[in-house]
Amino acid sequence: MFLESAAVKLHLSGVKMKENTAAVIKTSLKEKFSSKWDECSVLFFSAPCGCGKTTTVRELIARKRVQEIDVTDGKVVFDSVKKNCDVIFIDDFQIVQDRNEQQILAELIRRKNDLHFVILSRGPVPGALMPFIFDGKLETFSTEDLLFDRLTTQKFLEAYGIKMPANDISAIQQDIKGYPAAMEILRRKLIESAEYSKNIYNEVKRDLFIYYDETVYRRYDDDIRSLLLCMASFEEGFSLELARMVSGNSNAGELIEEIMKTSTMLRFDSDENYNFW
């Protein structure tokens, strides 16, 4: 039951409501996307699983002529750019870890300077694309850009016919923090119960755990899964030395590096500690 509700049928921020109804997207995100569209040729969305990258961006580029490049097997696969194309769209770019494959995309961007490239990834901007940042051609959209603000949370719920009093909206914003995956789970709960409560919040966290377990945790190999499990209890962060000591794995540094290349779940702070997002 939980897997059905939390993982299989999730449609995240920028969620499609009813047929012919526009997705709910934060106003500041729309404005930033429109502004940067005029300034940059590469728009790179870097955010963790569940932030609604795919659905949101598909809505933002819905009225443009789009060609999608497949990277399912970790390779940048395309035959040629279609005629009259406005946008090259790439999802799940964190899969592409081979530098030669990343360079294929970089060369395509350099050759096709009349096109826009919209790239979605759970990881950071890879090294092959960094020169475009320095040239002012690439703009990054982060987790914070995708999280709902209070008004967007309210609009999202109202789009499903869920009207909550102001104090409940405030409590939801404080608890959920505008995280789209949790908001999607929550709105399903609120359809069944007209009141927001800590019990509902705990149910959301439980279903979200199952969603993460299926879509994130289980996709890593045993060594990384073991490391994540060992370090999950360190809410204030942990050092590389602590990770090696607690996990008992002398290769903890290499494992952390792999996590940071393929996701944004870990953040490296000024105190040289790693923190879970």
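**Close-up views of a sheet and a helix pair**

**View A. Strand 1 in a predicted model.** Strand 1 (42-46) is mostly covered, with five of its five residues buried. The model shown here and in the following views is predicted. From strand 1, V42, F44 and S46 point one way, while L43 and F45 point the other way. Residues on both sides of strand 1, from V42 to S46, are buried.

**View B. The neighbours of strand 1.** Strand 1 and strand 4 run parallel and are joined by five bridges. Strand 1 also runs parallel to strand 5, here with four bridges between them. L43 takes part on both sides: V118 is its bridge partner in strand 4, and E139 stands opposite L43 in strand 5. The side chain of L43 points the same way from strand 1 as that of F45.

View C. Five strands form an open sheet in the order 2-3-4-1-5, and their pairing is parallel. Strand 2 (66-68) and strand 5 (138-141) are the edge strands, each pairing on one side only. On average, neighbouring strands of this sheet are turned by 20 degrees against each other, direction ignored.

View D. Strand 2 and strand 3 (residues 87-90) run parallel, with three bridges joining them. E68 has F89 in strand 3 as its bridge partner. Helix 4 (residues 99-111) packs on the sheet and touches strand 1, strand 3 and strand 4. The direction of helix 4 makes about 155 degrees with that of strand 4.

**View E. Helix 2 across the sheet.** Helix 2 (residues 27-39) lies across strand 1, strand 3, strand 4 (116-121) and strand 5. Relative to strand 5, helix 2 runs at about 170 degrees.

**View F. The packing of helix 12 and helix 13.** Helix 12 (residues 240-247) packs with helix 13 (residues 252-262) at an angle of about 115 degrees, so the two helices are roughly perpendicular to each other. Their axes are 9 Å apart. The crossing in which helix 12 passes helix 13 is right-handed.

**View G. Residues between helix 12 and helix 13.** Helix 12 contributes L240, A243, R244 and S247, which meet A252, G253 and I256 of helix 13. By class, the residues of this contact comprise four nonpolar, two polar and one charged.

Note on methods: Residues numbered from 1 in each chain as written. Predicted model: local features only at pLDDT ≥ 70, side-chain atom pairs only at ≥ 80, totals over all residues. Heavy atoms only, no water. Pairing = 2+ DSSP bridges. Axes fitted to C-alpha atoms, helices over the stretch in contact; angles between N-to-C directions. Contact = heavy atoms within 4.5 Å. Buried < 20%, exposed > 50% of the residue type's maximum accessible area, 1.4 Å probe, protein only. Parallel < 35°, antiparallel > 145°, perpendicular 65-115°, else oblique. Left-handed = near helix turned anticlockwise from the far one by under 90°. Nonpolar A, V, L, I, M, F, W, Y, C, P; charged D, E, K, R; others polar.
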